[in-house]
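This report goes through the cavities, the nonpolar cores and part of the strand pairing of one model. The sequence and structure come first.

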Amino acid sequence: MTEVTGRIESIAGPVVKCSGIPAVRMYEVVRVGNQQLIGEVIEVGDEEFTAQVYEETSGLAPGEPVRSTGDSLSVELGPGLLGSIYDGIQRPLPELRKLSGDFISRGLSVEGINKEKKWEFNPSAKVGDKVQPGDIIGEVPETGIITSRILIPLQVEGEIVEMVKKGEYTVIETICKVKDQHGDIHDVMMLQRTPVRVGRSFKERVGMDTPLVTGQRVIDTFMPQAKGGTGAIPGGFGTGKTVTLHQFAKWADAQVVVYVGCGERGNEMTEALEEWPHLKDPKTGRPLMERTVLIANTSNMPVAAREASIYTGVTMAEYFRDQGYDVALMADSTSRWAEALREISGRLGQLPSEEGYPAYLGSRLAQFYERGGRVKALGSGDRLGSITICGAVSPPGGDFSEPVTQATLRIVKVFWALDKDLAARRFFPAINTLTSYSLYFTTLEKWQRANMGEDWPELVKESLALLQKDQELREIVQLVGPDALPESERAVLEAARMLKEDFLTQSALHEIDTYCPMGKTYRMLKIIINFAKKMAEVVQMGVQVRRILELSILDNIARMKLAPWDSYDETMDTIENKMDGEFQSLLQEMSESGLLFKETAQ
Amino acid sequence: MSKESSIVYRSVSDVSGPLLVVENTHDVSYNEVVKIRSPAGELLTGTVLETGRGRAVIQVFEGTSGLDAEVTSVRFTGETLKLPVSSEILGRVLDGAGNPLDKGPPLTAEDHWDIYGSPINPYARQYPRQPIQTGVSAIDGLNTLVRGQKLPIFSGAGLPHNRLAAQIVRQAKIPGEEGDFAIVFAAMGITATEAQYFMQSFEETGALEHTTLFLNLADDPAIERIITPRAALTAAEYLAYTADMHVLVILTDMTNYAEALREISAARSEIPGRRGYPGYLYTDLSLIYERAGRIDGRNGTITQMPILSMPQDDMTHPIPDLTGYITEGQIIVGRGLHRRGIFPPIDPGPSLSRLMKEGIGEGMTRFDHKEIQAQLYYAYSEGRDLRDLVAVVGSEALTDRDQKYLKFADRFEADFINQGEFEDRSFEQTLDIGWNLLSDFPERELKRCDPETISWARDKGVYKPS
């Protein structure tokens, strides 16, 4: 497309009205002003059009030129993404720093993927193979964790007529030539460019029957996420949204993680940048950054780029999904993204709906979350890949009735409700077990029975019932005091206290407790539920709760969360044996002193 | 971009609220500085909010009283708003826009810096890790402040947040490292008495010579408050990143700043967000708060303590709410504690320092800090919960364990949170007081502490269980 130059008519913040480019299309990228700031067309009128500019617009004046590019906002995909950190429009932040120093200045143009670096390419297709979009033609060992699979791009179908040998190539060298049915030759290189605002194609959606194990006990137990599922974590400030999402990014058993810091704090991104390269993936022992792409558009960076950052991230996630990987995408925070929408919409003079948000807020959110899912990728064979989306929501005043939270809850299937009261007591993760939910419980049940324990779903039900009963009793205690409760109900309170203190709380800062393998989670819960049952049993026989609380097994249970990842089974075996022993000797002692209501069978 | 236009426009078409509309303009840039001559001959300053189609909308910092559509003349300077910066800015008292208020000479300039600054590249940041000892136990022990952090004080009308801020400024230091330290103090719409209190307090401790004050008082033009924090932070950035100083920036009161922003927004008939504040309040506040930090390879740091008064002590009000979403925690001044005569009345429950976890422990404060902080929090919140219960059922109904927690909460407030306005406690002292208070509990009740840490404290003689 030939370049056409127009002119700026007016400027208000990130929104710039321009004229003089008749053929301009919606969502086309334009270069604005003498400094060639990057912008995107968001409204097309008769003679004028409006662009949102991804950089600060101070100093821009009417009359300055605007250049059309003919492209939609796109990202570059290929080897080199993993381990990178980008701003909202895929400019690598380390490159920006080289160009403009510690502060980001304007009009900088940097490519998303390094074009000079050579990658080791191992071809797997050969001359004469018939290929269609999505077929794998070779592999690049990109990092120690992930092998990048090179796919035939869309619109290329036919027979391979040329294929390079195994060797080192840059991402823009032709590695393969494909002749289509009309006899035209298409060059294929490792690099692909994909527009961000439409999802990449796939064959079909498939069911979600595997959980995304996060290593966070409360989540894996009570509101598990499925691979390919969508979840939201709303909470007021200080309740631990970011810490929880960081924990997911560090420990979830996805193969690739895309973390989008969208309008949040600069120091939080720095923390991830400094810490993650030193953390080891529990399965491969390689640095976590080798499976991670970071997108950092902090709150003080331009608001329009914040709007784009979510799409940039999800498009990258789709690229890895199409290669057949399980990808987890964290977006922190979708509320800031919605606020960017609101700001732009306000400047366009669109009629607002609730709280000033545009009427299309709900549909935009839905479009974004719908890009998650578990799919059969394009290409031959049944390659499965998934994108799990976890979005933080920052409701004003912690009030979940606000539009962004409500619109999100209509879409997502997992809801992790953060509780301000729990956070104030430093009870972390501050997830309220009674109000949160996961709609994947039934689809995951089969996997859980097979992989965690045949009785796992029952254990979870019993725990929930215990917590529910605890809450009811606490309301009574608030009115009449604990003395008025019978011993059996006091036992419930104590069991629930143990469940909360020794199972639900989990320290993200402790080197062992930060991650809990599924097997350990199972055994811990089983021990606590067994304890609760035994306690209820002996209390029925006349043992006082006070006596049970003196058992030294309580100390072992309190510290069982610190059992190492690889040898927790020993600790749990010891606890189980000791627990049986202590209960038996307690009963014996009581029975010898004749304090029991009835003799035990034991 | 320096075009220093000599064209003077007299084509003012509209004056409304803080805004001035000029017609028939040419090539006026967004955000450029405008000089306005009033009919009475006064020289006023403004910036361009909207430009295009031969029309520019200008916000006037001094307010528009006395301006008309006939005689008022307007000159566009072609520059964005800049502050002259040099190390000699220390010790000076300036108005809210950065013009000298003291009897001193005009500001010397080694450079002119754009007051809007540029965002720090997140890749260039360094995570804040050095604790600042404020000498206040409720902060140092429970919610430690770290160099490069932005930690606001949320307060309310009639609460002693100014005394607390002054105490922090007096006492703040990094133990064993007395480097170059500077204070930038930006007042937005506070009363002359309050400003006087701070100045006096700085003077008494000799802090004034390494302090720069930007004063926009309650009777000063409200719109000027839009630029006061930005000018102050520009000075702070110069001191930190060029003069290698550790700068503590106090911004008070951010509520007045947000109200000035709302006034402009209303005058422009923008679609309001919550409570009439503009939808971009979050973005706008973040442009101020995110200027705190530490940059890899530079020696200086910027630590911010914004103070804001919550209307009706309501933490869900947009200003504290959005602030809390940007800042790295918050210190809450509680009315209940204040009424009980506790100073500083810092309420630990909702207070939080997000950066403390990396800034405390071995080599920074003391190795037991994390554990004892968690234990004190746990015990105090148990005690607070029980207070509610006691109010209903009386204390006789409580178990022995609960009685201990109840007593602990009272002693914790009286001995740990409460301290003199001029009492400067070291990290060591603060943590020892904490252990002392925990002596009421047997070892097995201290679930948040490692057994080894407990026996260390016992050997040290600070934890003395009966």
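How many nonpolar, polar and charged residues does the lining of the largest cavity have? By class, eight of the lining residues are nonpolar, two are polar and four are charged. The model is a predicted one.

**Cavities**

The count of cavities of 30 Å³ or more comes to three. The volume of the largest cavity is about 140 Å³. It is lined by 14 residues, and those closest to its centre are Glu339(A), Arg342(A), Arg274(B), Pro318(B) and Leu322(B). Two or more lining residues come from each of helix H6 (334-347) of chain A, helix H6 (281-289) of chain B and helix H7 (318-326) of chain B.

**Nonpolar cores**

The largest nonpolar core has 159 residues, of which Phe531(A), Ile548(A), Ile557(A) and Trp435(B) touch the most other members. The element that gives the most to this core is helix H13 (residues 518-540) of chain A, with 12 residues. Leaving out residues up to four places away in sequence, Phe531(A) touches Met498(A), Ile548(A), Ile553(A), Leu554(A), Ile557(A), Met579(A) and Phe583(A). Another core, of 77 residues, lies apart from the largest one and includes Ile295(A), Leu329(A), Ala331(A) and Ala338(A). In soluble globular proteins, nonpolar side chains tend to be buried together.

Strand E3 (residues 28-32) of chain A is largely enclosed by the rest of the structure, because five of its five residues are buried. Glu28(A), Val30(A) and Val32(A) point one way from E3(A), while Val29(A) and Arg31(A) point the other way. In a regular strand the side chains alternate between the two faces of the sheet.

E3(A) pairs with E6(A) and with E4(A).

| Strand pair | Sense | Bridges | Residues opposite each other |
|---|---|---|---|
| E15(A) (residues 174-179) and E16(A) | antiparallel | five | Cys176(A) and Val188(A) |

The hairpin of E3(A) and E4(A) has four residues between the strands, and Gly33(A) takes a positive phi near 80 degrees there.

**The four-stranded sheet**

E15(A) and E16(A) belong to an open sheet of four strands in the order E10-E13-E15-E16 (chain A), with antiparallel pairing. Strand E10 (130-131) and strand E16 (185-189) of chain A are the edge strands, each pairing on one side only.

Technical notes. Residues numbered from 1 in each chain as written. Chains lettered and ligands numbered in written order. Predicted model: local features only at pLDDT ≥ 70, side-chain atom pairs only at ≥ 80, totals over all residues. Heavy atoms only, no water. 1 Å grid on protein atoms, 1.4 Å probe; cavity = no way out; pocket = protein on both sides within 12 Å on 5 of 7 lines; lining within 4 Å. Points joined across faces, edges and corners; volume = space filled by probe spheres on them. Nonpolar A, V, L, I, M, F, W, Y, C, P; charged D, E, K, R; others polar. Pairing = 2+ DSSP bridges. Core = buried A, V, L, I, M, F, W, Y, C linked by side-chain atoms within 4.5 Å. Buried < 20%, exposed > 50% of the residue type's maximum accessible area, 1.4 Å probe, protein only. Contact = heavy atoms within 4.5 Å.
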